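Please consider the structure shown below. The paragraphs that follow lead through it step by step.

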Amino acid sequence: MRRRVGETAASKRTEGKSVKRETGEVQTKTRSSWWVWVKMGLIALSTLYVATPFILQFFPSVIQYLVYKHAVTYFVDLRRPCDLGLNHTVNMYLTSEAGVTLGVWHTVPEQKWKEAQGKSLAWYEQSLGDGSPVFIYFHANTGNRAAPHRLGVANVLSALGYHAVVMDYRGFGDSTGKPTKGGLITDALHLYHWVRAHSKDSLVIIWGHSLGTVVATNIAVKLQEQRNPVDAVILEGAFTNIKMPKGQSQPFTWYYWRFPYIQYYFSQDSTEANIHILLNGENLKKMTTPLMILHSKDDHMVPFRMAEELYNTAKSVLKSEDKVRLVAFDGSHGYLHNGLYRDPSLPNYIRKLINTIKPI
Ligand SMILES: *[C@@H]1O[C@H](CO)[C@@H](O)[C@H](O)[C@H]1NC(C)=O
């Protein structure tokens, strides 16, 4: 109703001006359709606001989407890593259990890029045993293995002369299945065993980022128990606990516009959310693997304080300053949660880690 009155008033006004009358009408129309969109948007937002607690209560699987955000995709053909500049990378698929196929990229050391052109899967598989360290990268929630910061890490490792193996867990990218806590661990262990089966005596290091750090520490503990330990672990942007002190937003939900019920959900001990999240602090109490923790001081999702806590836990367990290292990146670089792969000193830290664990 109000819109109609507004329009009439506006057209009366335009009638007065004979010149540019048409332009005036066009403007009125544009403004009124813009207003309709704003109103519809506001109605949608308030509906979502009211409906959120009910959705969470009755459809707890929605939490799965909120935690993993695996449905977020980048519009790339994951079968063609060469389109993204990775011309010495093979795309392949592994089956971690019945019905679960995982998309994996294997990038060989950069010095092999020419040799790698047009090579088969078998050539890549065999190259894992060439003596160069192999890094398995466990990515964070959201999106797939083609995200720019994930390509960035693969490029850094490859330029150092190392292999980089990057997987999409079940439900992410072109991998089949749905993400669950147990499923992610199963996938990660499967990939690790596959790499070990081809890497002969090469060092195998696992690198976890954000949500991937919990995958990394969980399998590190499991592999230690199986007496098949990883050679080192790198944790980037790792968190101690999903529960945040009062007043701080929780690392996985800060961008849900602080919907009150979502924050509440994640702060509970026994909710669906925590079923999906695994705790780093507890794992570090058991781990004896050499460890390097990377964290940017301006990380907006996981506070730097958490990296310090993890470092202290690891130090007290390992009882050695040589086996654990905390590398802090200054906030002035603006790396935030994903960007520390850009740091020019990062390759040195990685090389140093390799040198300390290398069997002499
Ligand atoms: C292939 O990748 C390597 C390593 O990143 C790069 O040095 C080289 O220039 C690339 N070659 C082509 C033809 O794109």
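A residue is called buried here if 20 or more other C-beta atoms lie within 10 Å of its own, and exposed if 12 or fewer do. The model is predicted. By that criterion, the buried residues of helix 6 are Arg150, Leu151, Val153, Ala154, Leu157 and Ser158. Viewed down the helix axis, these buried residues fall within an arc of 155°, so they line one face of helix 6. An α-helix has 3.6 residues a turn, so residues three or four places apart point the same way. On the other side of helix 6, Pro148 and Ala159 are exposed.

The length of helix 6 can also be checked. Helix 6 comprises 12 residues, 148-159, and at 1.5 Å a residue it should span 16 Å; the end C-alpha atoms are 16 Å apart, which agrees. The cover over its buried residues includes strand 2 (100-107), strand 3 (134-138) and strand 4 (163-167). Just after helix 6, Gly161 adopts a positive phi of about 95°.

The largest nonpolar core has 68 residues, of which Phe135, Ile136, Val165 and Ile293 touch the most other members. Helix 8 (residues 211-225) supplies the largest share of this core, with 7 residues. In soluble globular proteins, nonpolar side chains tend to be buried together. Leaving aside residues up to four places away in sequence, Ile293 touches Leu235, Ala238, Ala307, Leu310, Tyr311, Arg325, Leu326 and Val327.

The ligand remains to be considered. Around the ligand are Asn87, His88, Glu110 and Trp113. This shell divides into 1 nonpolar, 2 polar and 1 charged residue.

Technical notes:
Residues numbered from 1 in each chain as written. Predicted model: local features only at pLDDT ≥ 70, side-chain atom pairs only at ≥ 80, totals over all residues. Helix = DSSP H or I, 4+ residues; strand = E, 2+ residues; numbered from the N terminus. Expected span 1.5 Å × (residues − 1). Arc of directions from axis to C-beta. Contact = placed C-beta atoms within 7 Å. Near = placed C-beta within 6 Å. Nonpolar A, V, L, I, M, F, W, Y, C, P; charged D, E, K, R; others polar. Core = buried A, V, L, I, M, F, W, Y, C linked by C-beta atoms within 7 Å.
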